[in-house]
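Visitor: Please show me the model, and then I will ask what its labels rest on.

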Amino acid sequence: MLGASTELLAVRSLGKLLHLEVLSSGLHTTSSLESRIKRVNRHKPFWHIRKLNKAIDEPITEENQIFIQDYIDRKYNGPLREEFTPWAKGEWKEGSRRPGVLAVKIGVHPIWLKNGKQVITTLLQVQDNHVIKYTPRTNFEDSYVGQKFNIASFTGNNNKKSESLTGFVTVGAISTDPQKYTKGYCGLFTDSGVMPKRHLARFPVTDNGVIQPGTPLTAAHFTPGQFVDVYGRTQERGFQGVMKRWGFAGMPATHGTTKSHRRAGHVGSGCDKSRIWPGQKMPGWVGGNYTWMRGLRIWRINYAENVLYVTGTAVQGDVGSVVQVCDTKLNAKKWENLKKENLTSGPRFFPTAYEDQLKELPEEEYYSVVHDFKSPSISLSP
């Protein structure tokens with residue numbers, strides 16, 4: 001009887017141990033069927049400042065909440081701090097680089113040209129953009145990322161920045177409550193005097209394209225007819241097969257094919273090698289990668305709502321995602337090569353459109369070849 005009870009206790013203990021092992025494995029994978037799926041890492045690089053503040057949310061009275069909000073409003077009463085003298089505005093010249101903006105993808109919309117051709121455009125709204133910080137090139141090269149760029153590349157794919165770039169301008173978008181972020185993250189916005197931003201981006205600039213921290217950026221930063229580059233994260237498509245991921249043709253539909261219509265087929269190399277080489281096209285995770293869309297034309301700008309109408313429906317990301325928009329780096333579509341569009345003199349406002357210049361702009365502006373439905377299409381002679 002004693003031996004039976006001891007065996008039962010051992011079985012119960014073994015069952016508890018097995019149960020604990022199942023629980024521990026379930027914390028790392030969604031299910032046992034997907035345990036071998038390797039997803040893309042979504043964590044931030046280790047050199048980034050910790051962003052979110054996980055402080056204890058203690059209940060506070062309504063009077064204290066009003067006091068905290070009043071202090072925040074008085075502290076961030078920017079955009080420009082009074083003790084900073086205005087920086088000199090640079091003049092555009094061939095090869096100049098200036099910062100871009102952060103925009104939110106809000107949908108697609110068709111427009112018509114004067115020759116009757118229809119063009120599908122993507123709407124990008126510039127929401128609450130400010131210049132946050134200017135980092136000289138010497139400080140950037142001493143950082144971890146700068147040292148990675150200076151590593152010699154023997155394959156010809158060198159990421160070293162051009163010698164004409166003298167620094168980097170950090171741009172932030174969409175102000176948020178500073179109580180939700182850490183002290184280190186809020187310290188990034190000390191020089192600009194603006195509230196902490198939800199999204200940040202860094203743009204390389206030349207010496208004449210530097211903008212003072214705290215300066216607001218709007219859709220007037222760009223000119224109708226120019227070309228821009230858009231950088232963002234593509235939509236996630238989940239785990240897909242080889243036909244959707246790589247465009248394989250698949251197996252024959254008939255003539256004896258059974259349960260193998262969408263299979264990859266033979267993936268080995270046979271005989272001596274008898275292995276699958278790295279880089280073999282196989283099923284896997286699709287989407288969620290950061291890519292560039294280059295050479296998109298701006299057809300229309302709504303200055304009242306800060307909306308850009310750019311070419312095509314292929315702007316990456318879902319509706320509501322944030323992308324970076326800057327002047328294009330394609331040689332054929334740079335400012336100095338836009339002779340047909342009569343834009344070889346550079347952007348209208350350089351390095352950006354300041355508040356005193358925005359008063360002269362209309363509510364909306366079209367590229368010269370776009371038909372404006374508000375204007376009369378038929379003119380009658382007396």
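Visitor: Which residues have the most contacts inside the largest nonpolar core?

Guide: They are L124, F222, L308, V310 and V325, in a core of 36 residues. A nonpolar core is a set of buried Ala, Val, Leu, Ile, Met, Phe, Trp, Tyr and Cys residues joined through side-chain atoms within 4.5 Å. This is a predicted model, where local features need pLDDT of at least 70, side-chain atom pairs count only at pLDDT 80 or more, and totals for chains, interfaces and linings use all residues. Residues are numbered from 1 along each chain as its sequence is written, and side-chain values use heavy atoms, with hydrogens and water left out.

Visitor: What makes the pair of T352 and H221 side chains a polar contact?

Guide: The distance is 2.9 Å. The definition asks for N or O atoms within 3.5 Å; within protein, one must be able to donate a hydrogen and the other to accept it, and residues adjacent in sequence count only if both atoms are side-chain atoms.

Visitor: Why is the pair of Y231 and Y290 called stacked?

Guide: Rings of Phe, Tyr and Trp (its six-membered ring) pair if their centres lie within 6.5 Å; planes under 30 degrees apart count as stacked, over 60 as edge-to-face and the rest as tilted. Here the centres are 5.9 Å apart and the planes at 25°, so the pair is stacked. Y231 is partly exposed at 24%, while Y290 is exposed at 52%.

Terms used
Buried < 20%, exposed > 50% of the residue type's maximum accessible area, 1.4 Å probe, protein only.
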